[in-house]
Amino acid sequence: MEPTPLATAATVRDAVLPVRAASLALRLLSGAGKPSIHGYGSGPSGTCETVWHGLTARGELLVAAIDTFDNPLTGAPALEPISVRLDVVKESPEWAARITACAIHLLGTLQWLPQDDAGGYLDASVNPLVAEAAAMPGGRLGVLRTDRVVMHDSAGVAPMPFADVLASRSPAGAFPSAVEELSAREELERLTQSDLAELFALADDGWDGALPLTSHAVETCASLHGQVLCVDIDRTGLTLMQVDAAGTRTALFAFDQPAGSLSELFGRVGGLAARVGLRRLRS
């Protein structure tokens with residue numbers, strides 16, 4: 001029996017990054033990040049930045065907003081098709097600095113629902129803030145239909161069919177949720193700044209699980225020099241940023257297998273810690 005060839009960085013990148021992009025897109029469409037909607041074309045114009053959003057179990061993208069009675073976008077008649085752009089921007093779970101982790105953009109058609117129909121769209125899987133906002137005085141619930149979304153993050157730009165994002169969902173929905181992400185960030189404290197720097201040393205050594213994403217020669221805050229910051233924690237791995245006087249560099253440290261629960265994610269973080277320990281023994 002011939003030995004299985006070792007994975008190359010290129011094959012790991014090709015295997016991990018599409019899964020990661022779909023995972024990030026699913027998290028953002030399910031309620032993570034800060035959304036805004038913008039009217040365009042010949043229909044109602046305007047912008048609404050006080051928006052809540054989420055996906056139903058059937059895969060419908062819902063948005064909720066408060067009609068302020070002076071915004072043609074939120075005041076449009078029920079069931080009138082409105083051409084809109086939805087932007088969702090997500091910040092990192094890092095405590096030491098403010099970092100934009102990723103964003104998703106899409107063009108689609110929004111229809112506000114009649115008040116009597118709103119309850120039929122809400123189910124237990126939808127971001128609960130959507131139902132709370134829709135129930136407020138002036139609250140409106142709408143369905144946003146689209147065929148395509150575009151992800152932007154440290155790995156670049158990833159356009160994908162909306163149907164492919166839905167197909168990536170597990171029965172439990174997007175993972176990690178906003179609450180689970182905070183728990184995962186606390187678990188990351190198991191790795192010291194020295195440990196995180198060792199992960200970048202593994203990247204420099206050519207470890208296939210470390211995928212360099214960006215490198216920028218920019219002016220950085222002196223208080224952050226020598227630190228490694230958390231850009232994102234996903235089911236596919238950790239995205240980290242190393243900061244020094246010369247600029248920043250970002251890399252994805254991929255898990256051996258995607259995590260589907262907090263316990264699995266904690267185990268994957270432990271696996272990275274073990275790899276750091278092994279490198280130190282060999283140094």
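# Salt bridges, loops and overall form

Asp-205 and Arg-279 form a salt bridge in which the closest N and O atoms are 2.7 Å apart; the term stands for a side-chain nitrogen of Lys or Arg within 4 Å of a carboxyl oxygen of Asp or Glu. Asp-205 belongs to helix H5 and Arg-279 to helix H6 (residues 262-282), so this pair ties together parts that are 74 residues apart in sequence. Salt bridges with shared partners also join Arg-27, Lys-90, Glu-181, Asp-232 and Asp-234 into one network.

The model is predicted: local features need pLDDT of at least 70, side-chain atom pairs count only at pLDDT 80 or more, and totals for chains, interfaces and linings use all residues. Residues are numbered from 1 along each chain as its sequence is written, and side-chain values use heavy atoms, with hydrogens and water left out.

## Exercise 1: the whole protein

State how many helices and strands the protein has, and describe its overall form and surface.

*Step 1.* Count the elements, which are DSSP runs numbered from the N terminus (helices: H or I, at least four residues; strands: E, at least two). The protein has six helices and 13 strands. Its radius of gyration (taken over C-alpha atoms) is 21 Å, close to the 19 Å from the globule rule (2.2 Å times the number of residues to the power 0.38) for 283 residues, so the protein is as compact as a globular protein of that length.

*Step 2.* Take the extent along the principal axes: the C-alpha trace spans about 65 × 50 × 30 Å.

*Step 3.* Of the 283 residues, 46% are buried (under 20% relative accessible area; over 50% is exposed, and in between is partly exposed; 1.4 Å probe, protein chains only). Among contacts (heavy atoms within 4.5 Å) with a separation of 6 or more, 69% are between residues 24 or more positions apart.

*Step 4.* The protein has 21 positive and 33 negative charges, and their mean positions are 3 Å apart; Lys and Arg count as positive, Asp and Glu as negative, and His and the chain ends are left out. Each charge is placed at NZ of Lys, CZ of Arg, CG of Asp or CD of Glu.

## Exercise 2: two loop residues

Locate Ala-97 and Ser-154, and list what each touches beyond four places in sequence.

*Step 1.* Ala-97 is in the loop between strand E5 (82-91) and strand E6 (100-112). Its contacts are Ser-92, Leu-224 and Leu-229.

*Step 2.* Ser-154 is in the loop between strand E8 (148-153) and strand E9 (156-161). Its contacts are Ala-101, Leu-213, Thr-214 and Thr-250, and Ser-154 is buried, with a relative accessible area of 18%.

## Exercise 3: backbone details

Which peptide bond is cis, and where do Phe-69 and Leu-79 lie?

*Step 1.* The bond from Phe-175 to Pro-176 is cis, with omega near -5°. Pro-176 lies in the loop between helix H3 (162-167) and H4.

*Step 2.* Phe-69 is not a glycine, yet its phi is positive, near 70°. Phe-69 lies in the loop between strand E4 (61-66) and E5, and is exposed at 71% relative accessible area.

*Step 3.* Leu-79, also not a glycine, has a positive phi of about 70°. Leu-79 is in the loop between E4 and E5 and is partly exposed, at 46%.

Key. Accessible areas come from the Shrake-Rupley method with a 1.4 Å probe; for residues, only the protein chains shown count as cover.
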